[in-house]
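Here are my notes on this one, written for a colleague who has the model open. Have a look at it yourself before reading on.

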Amino acid sequence: MNSRIITELGFGLIVLTAIGLGVASHLVPKRIPKLTSVLAVVMRRRSARIAFVLAWWWVGWHFFVGH
Amino acid sequence: MALGFPGRSSRRLTVDLPVIALVLAAIAHWIRGAPTDALIFLGVTLLLLITERPRADAVTEFDEPFRVPAAAVVAAGLLVLAFGRDSVPVAVAISVIGLVALFAEWRDPSLPADRPVPPRAWVWSAVALSWCAWELLSFIFEQAAGGLSLTHPTMSDLVDPLLTNRIVQAVAITGWLAAGVAMLRAAAAARRS
């Protein structure tokens, strides 16, 4: 197994875990909180809101502008 | 309960984790050879520090939240479909989206951390931290190997080839914008409730 496959498997595992948690949070919301409900609490602070907005915006900027 | 992990102190931290994260992100952008991105992150961090300094006349009222019509999300997709990424119209659109989102979130004041973090919120923190750690590890290995993205690709190296098709680009930007609107809408609704 070469390093590229290991790297891809790592990213794949993380993405699948996130999708799994997203599905689980809708099926059993009492056991797994929805991501939006977690963000809603975390984003009460302005600095957290700005950090999340900048991180989200940067993803769009990175992939769609300046190649 | 910092980051939602169980057993962590609920006392307020003396350092602001989001500010630390923004500074680290700026440094990371500088190291990876993206000085513009680094300056954007650094500039926003400085503005944030100025805005968040303690003031006696701190505003505690909310303005009406921005309403983003679904048509705007679809329009972004159509714009990319028409012009493709790396075009001036798309660059302008993404810049405007970012500025509007930052302005909308900057208007609302910080609220006291008096709401409990939902039980097991740490699972989401764990996923996010895992992604950051794996991305960082891949980047370090990539640089150590002389920048060979074939052997140690970062997430960008893996996703970028998928975005060569303009239809995929349109779907991706629609998803990106919809995710951002959903995140901001949930947060705005919760702090007004």
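The points below go from the chain contact to the core and then to a few loop residues.

1. Ground rules first. This is a predicted model, where local features need pLDDT of at least 70, side-chain atom pairs count only at pLDDT 80 or more, and totals for chains, interfaces and linings use all residues. Residues are numbered from 1 along each chain as its sequence is written, with chains lettered from A and ligands numbered from 1 in the order in which they are written.

2. Chain B is built from seven helices and zero strands (helices are DSSP runs of H or I, at least four residues, strands are runs of E, at least two, and both are numbered from the N terminus). Buried residues account for 24% of its 193 residues; buried means 20 or more other C-beta atoms within 10 Å of the residue's own, exposed means 12 or fewer, partly exposed is in between, and C-beta atoms are placed from the backbone. Of the chain B contacts between residues at least 6 apart in sequence, 57% join residues at least 24 apart. A contact here is two C-beta atoms, placed from the backbone, within 7 Å.

3. Now the meeting of the chains: chain A puts in 44 residues and chain B 57. On the chain A side, α1 (3-27), α2 (35-42) and α3 (46-64) are the elements that give two or more residues, and α3(A) gives the most, with 18. That side splits into 26 nonpolar, eleven polar and seven charged residues. For the classes, Ala, Val, Leu, Ile, Met, Phe, Trp, Tyr, Cys and Pro are nonpolar, Asp, Glu, Lys and Arg are charged, and the others, Gly among them, are polar.

4. Gly66(A), with a positive phi near 80 degrees, follows it.

5. Which way does α3(A) run against α4(B)? Their axes come within 10 Å and cross at roughly 175 degrees, so the two are roughly antiparallel. Axes are lines fitted to C-alpha atoms, for helices over the stretch in contact, with angles from 0 to 180 degrees between N-to-C directions; over 145 degrees counts as roughly antiparallel. Residues that meet include Val53(A), Trp57(A) and Trp61(A) from α3(A) and Ile94(B), Gly98(B) and Leu102(B) from α4(B). The residues of this contact are ten nonpolar, two polar and two charged.

6. The largest nonpolar core has 46 residues, and Leu39(A), Leu54(A) and Ile173(B) have the most contacts inside it. Such a core is a set of buried Ala, Val, Leu, Ile, Met, Phe, Trp, Tyr and Cys residues joined through C-beta atoms within 7 Å. Leaving aside neighbours within four places in sequence, Leu54(A) is in contact with Leu22(B), Phe41(B) and Val44(B).

7. Two loop residues in chain B to check: Asp86(B), between α3 and α4, has a positive phi near 65 degrees without being a glycine, and it counts as exposed with 12 C-beta neighbours inside 10 Å. Arg120(B), in the loop between α4 and α5, is also a non-glycine with positive phi, about 65 degrees. Arg120(B) has 16 C-beta neighbours inside 10 Å, so it counts as partly exposed.

Note on methods
Parallel < 35°, antiparallel > 145°, perpendicular 65-115°, else oblique.
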